[in-house]
Amino acid sequence: MNLLGVLEISGSALTAERQRAEVLASNLANAQTTQTAKGGPYQRQLVIFGTRKADSSTFASAFAGFSDRYAQGVEVKRVLPDPTPPVQRFEPAHPDADSQGYVAYPAVNPIEEMVNLMGAARSYELNVAAVQATKNMISQSFQILS
Amino acid sequence: MGSPLSGISPLNQVNAGVETGKPVDDRSDFSSQLQTAFNQVEQLQTEADQQIAGLLNGQGEDIHKAMIAVEKANLSFQLMMQVRNKIIQAYRDVAGMAF
């Protein structure tokens, strides 16, 4: 059942990439947001990935031995706000303008976010390919019997 | 002519060994292992069912998790079928033996 553990690893990567895409989409959607619950403009969020110990709940045996020591999944460790100061734009008519007529806009570069989003989508694709490769390996091993 | 007849008695010892000795334990071990394997297959299928249900209910399950669960259930079922085919084939081979 060890090969099923590979599926777990690829699955964790799929989850992580989906969450990253979610945060990137949020950054894109709020590129012009000047009002938030905390007050002030939206702050761009950064996703931090980290290695993950495998789930021992369902497949304790799947990660025994080799994979327990060397193969690790991935997960979103933290989502941090980008410390870059907001972009000031002169819009005196805006309701959120300060006394000098400047409005603080989030420091989100849509192009950069889009590139990151493409990266997340490609990584997702890549891990789906890894799942299919693993699936094929398992199916191939059944051919030994028949 | 006396000595060949005496050779029959060890058969009883072999039979006694089958009834009380280790071979019986091994047989039950194999069947219980088979049972455990089947149960694991069933568990994977239940898990896949739950994931799919969660997906369709809109409980926020990840699509890829459901797909991987279904694939695991599928693969484990295939393995179970292969083992079953092998066992049935072995049984037929033994049953068809000419004496």
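1. Helices (H or I, at least four residues) and strands (E, at least two) are DSSP runs, numbered from the N terminus. Chain A has 3 helices and 4 strands. Along the sequence they follow the pattern α-β-α-β-β-β-α. Chain B comes to 4 helices and 0 strands, and its elements run α-α-α-α from the N terminus on.

2. A word on the source. This is a predicted model, in which local features need pLDDT of at least 70 and side-chain atom pairs count only at pLDDT 80 or more, while totals for chains, interfaces and linings use all residues. Residues are numbered from 1 along each chain as its sequence is written, and chains are lettered from A and ligands numbered from 1 in the order in which they are written.

3. Burial next. A residue is buried if 20 or more other C-beta atoms lie within 10 Å of its own, exposed if 12 or fewer, and partly exposed in between, with C-beta atoms placed from the backbone. Buried residues make up 22% of the 146 residues in chain A. For the 99 residues of chain B, the buried share is 12%.

4. Contacts within chain A. Two residues are in contact if their C-beta atoms, placed from the backbone, lie within 7 Å. Take the contacts in chain A between residues at least 6 apart in sequence: 72% of them join residues at least 24 apart.

5. Where do the chains meet? In the interface, 12 residues of chain A are in contact with 11 residues of chain B. On the chain A side, helix H1 (2–29) and helix H3 (110–142) are the elements that give two or more residues. H1(A) supplies the largest share, 6 residues. By class, this side has 7 nonpolar, 3 polar and 2 charged residues. Here Ala, Val, Leu, Ile, Met, Phe, Trp, Tyr, Cys and Pro count as nonpolar, Asp, Glu, Lys and Arg as charged, and the others, Gly among them, as polar.

6. H3(A) packs with helix H4 (residues 63–95) of chain B at an angle of about 10 degrees, with the axes 10 Å apart. That makes H3(A) roughly parallel to H4(B) (angles under 35 degrees count as roughly parallel, over 145 as roughly antiparallel, 65 to 115 as roughly perpendicular and the rest as oblique). Axes are lines fitted to C-alpha atoms, for helices over the stretch in contact, and angles run from 0 to 180 degrees between N-to-C directions.

7. The residues behind that packing: H3(A) contributes Val131(A), Lys135(A), Ile138(A) and Phe142(A). H4(B) contributes Ile68(B), Glu71(B), Leu75(B), Gln78(B), Leu79(B) and Gln82(B). By class, the contact has 6 nonpolar, 2 polar and 2 charged residues.

8. Both partner helices have 33 residues. H4(B) reaches 47 Å from its first C-alpha to its last, close to the 48 Å expected at 1.5 Å a residue. H3(A) reaches 48 Å, close to its expected 48 Å. The expected span is 1.5 Å times one less than the number of residues. Buried residues of H3(A) are Ala120(A), Asn127(A), Val131(A), Thr134(A) and Ile138(A). Those of H4(B) include Ala66(B), Glu71(B), Lys72(B) and Ser76(B).

9. Which residues make up the largest nonpolar core? They are Leu4(A), Leu7(A), Val131(A), Val41(B), Leu44(B), Ala48(B), Ala66(B), Ile68(B), Ala69(B) and Ala73(B), 10 residues in all. A nonpolar core is a set of buried Ala, Val, Leu, Ile, Met, Phe, Trp, Tyr and Cys residues joined through C-beta atoms within 7 Å. H1 of chain A, with helix H3 (22–57) and H4 of chain B, are the elements that give two or more residues. H4(B) gives the most, 4 residues. Leaving aside neighbours within four places in sequence, Leu7(A) is in contact with Val131(A), Thr134(A), Ile68(B) and Lys72(B).

10. Two loop residues of chain A are worth a look. Val108(A) lies between strand S4 (102–105) and H3. Is Val108(A) buried or exposed? Val108(A) counts as buried because it has 24 C-beta neighbours inside 10 Å. Outside four places in sequence, Val108(A) is in contact with Asn27(A), Ala31(A), Arg44(A) and Glu113(A). Lys53(A) sits in the loop between strand S1 (45–52) and helix H2 (66–69). Lys53(A) is exposed, with 10 other C-beta atoms within 10 Å.
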